[in-house]
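This report walks through a protein chain, from its overall build to its charged contacts and surface. Please keep the sequence and the structure in view while reading.

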Amino acid sequence: MGYNEEKQRVVDYVTCDGNIIELTRSRDNLKSYYQVLESYNDYMQLAIRYPGYKTTKTKCDYCVYLVDEEGEHPISHVEIMNDLYNKTTAYNFQHMKRYIEQVATVGRNVNIDETLIPAFKQGFPFEVLTDLMFYIAIQEDINYPNDRFQGRKMCFYRYLEAIYCKVNTNHQIEEAIDKATARGYIPRNWNDVGELYNIVSRIHR
């Protein structure tokens with residue numbers, strides 16, 4: 001399923017009688033609603049809690065969780081960046097880059113490249129990592145919807161920077177993480193990384 005279709009499914013979940021479930025003035029209903037989006041073979045689930053703190057009458061912010069026998073774990077851009085960084089090697093870098101670009105442009109319906117199979121023996125499994133990137137990207141498109149903002153481009157720029165840092169010395173992963181956690185401004189892309197951003201920069205939302 002692609003971005004537009006799945007975005008509508010998420011909006012339907014967080015809507016009641018045609019209206020987005022909003023935060024109360026006291027914010028005491030923050031993340032009080034829960035919806036499982038995907039279930040995996042190892043009894044792990046991907047779920048969302050809503051409304052999130054950026055929710056308005058027109059924006060349905062939510063938090064993405066992985067759920068297992070130990071409970072709920074909120075997932076952040078930084079956790080995904082670190083997982084991608086740890087999976088990346090000089091040998092698989094181009095394949096990992098292509099994988100990130102495919103999720104950014106196509107959505108969940110991507111297949112694992114055989115070259116990447118060993119990388120996914122650690123950290124998040126392929127299906128789980130793909131879904132995490134996908135649903136967090138939808139969140140970015142919802143929260144930052146128009147062309148003034150980057151929407152899902154922002155998170156995929158950071159994911160690409162994370163793997164770039166693993167195989168190059170002119171930038172460090174800490175720099176990319178600082179950009180991912182920046183507040184109040186749009187971080188500038190690096191100008192010394194060749195064509196790293198090209199595919200993602202051409203996304204039309």
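## Terms and basis

A residue is called buried when its relative accessible area is under 20%, exposed when that area is over 50%, and partly exposed in between, with a 1.4 Å probe and protein chains only. The areas themselves come from the Shrake-Rupley method with a 1.4 Å probe, and for residues only the protein chains shown count as cover. By these cut-offs His-73, which has a relative accessible area of 29%, is partly exposed.

The model is predicted, so local features need pLDDT of at least 70 and side-chain atom pairs count only at pLDDT 80 or more, whereas totals for chains, interfaces and linings use all residues. Residues are numbered from 1 along each chain as its sequence is written, and side-chain values use heavy atoms, with hydrogens and water left out.

## Overall build

The chain holds 7 helices and 6 strands, where helices (H or I, at least four residues) and strands (E, at least two) are DSSP runs numbered from the N terminus. Read from the N terminus on, the order of these elements is α-β-β-β-β-β-β-α-α-α-α-α-α. The chain has a radius of gyration of 17 Å, close to the 17 Å that the globule rule gives for 205 residues, so the chain is as compact as a globular protein of that length. Here the radius of gyration is taken over C-alpha atoms, and the globule rule is 2.2 Å times the number of residues to the power 0.38.

Taken along the principal axes, the box filled by the C-alpha atoms is roughly 50 × 40 × 30 Å. Of the 205 residues, 49% count as buried. Two pairs of positions give a sense of spacing within the chain: the C-alpha atoms of Leu-30 and Lys-97, which are 67 residues apart along the chain, are separated by 36 Å, while those of His-73 and Ala-47, 26 residues apart along the chain, are separated by 9.8 Å. His-73 belongs to strand S6 (residues 71-74), and Leu-30 sits in the loop between S2 and S3, where Leu-30 is partly exposed at a relative accessible area of 34%.

## Backbone features in the loops

The peptide bond from Tyr-50 to Pro-51 is cis, with omega near -5 degrees, and Pro-51 falls in the loop between strand S4 (45-50) and strand S5 (63-68).

Asp-17 is not a glycine, yet it has a positive phi of about 55 degrees. Asp-17 is placed in the loop between strand S1 (15-16) and strand S2 (19-20), and is exposed, with a relative accessible area of 75%. Arg-27, also not a glycine, has a positive phi of about 60 degrees; Arg-27 lies in the loop between S2 and strand S3 (33-39) and, at 40% relative accessibility, counts as partly exposed.

## Salt bridges

The structure holds 10 salt bridges, each being a side-chain nitrogen of Lys or Arg within 4 Å of a carboxyl oxygen of Asp or Glu. In one of them Glu-38 pairs with Arg-9, with the closest N and O atoms 3.1 Å apart. This pair links distant parts of the chain, since Glu-38 is in strand S3 and Arg-9 in helix H1 (residues 3-13), 29 residues apart. Glu-38 is buried, with a relative accessible area of 15%, whereas Arg-9 counts as partly exposed at 23%. Glu-38 also meets Arg-108 in a salt bridge (3.1 Å, N to O). Arg-108 lies in the loop between helix H3 (93-105) and helix H4 (126-143) and Glu-38 in strand S3, so this pair ties together parts that are 70 residues apart in sequence.

A further salt bridge joins the side chains of Arg-158 and Glu-161 (2.8 Å, N to O). Because they are 3 residues apart in helix H5 (residues 152-167), Arg-158 and Glu-161 are separated by about one helical turn, and both are buried. Elsewhere, salt bridges that share partners join Glu-6, Arg-9, Glu-38, Arg-108 and Asp-131 into one network.

## A negative surface patch

Glu-174, Glu-175, Asp-178 and Asp-192 gather in a patch of negative charge on the surface. Patches are made of residues with over 30% relative accessible area and no salt bridge, with like charges joined within 9 Å and nonpolar side chains (Val, Leu, Ile, Met, Phe, Trp, Tyr) within 5 Å. Lys and Arg count as positive and Asp and Glu as negative, while His and the chain ends are not counted; the place of a charge is taken as NZ of Lys, CZ of Arg, CG of Asp or CD of Glu.
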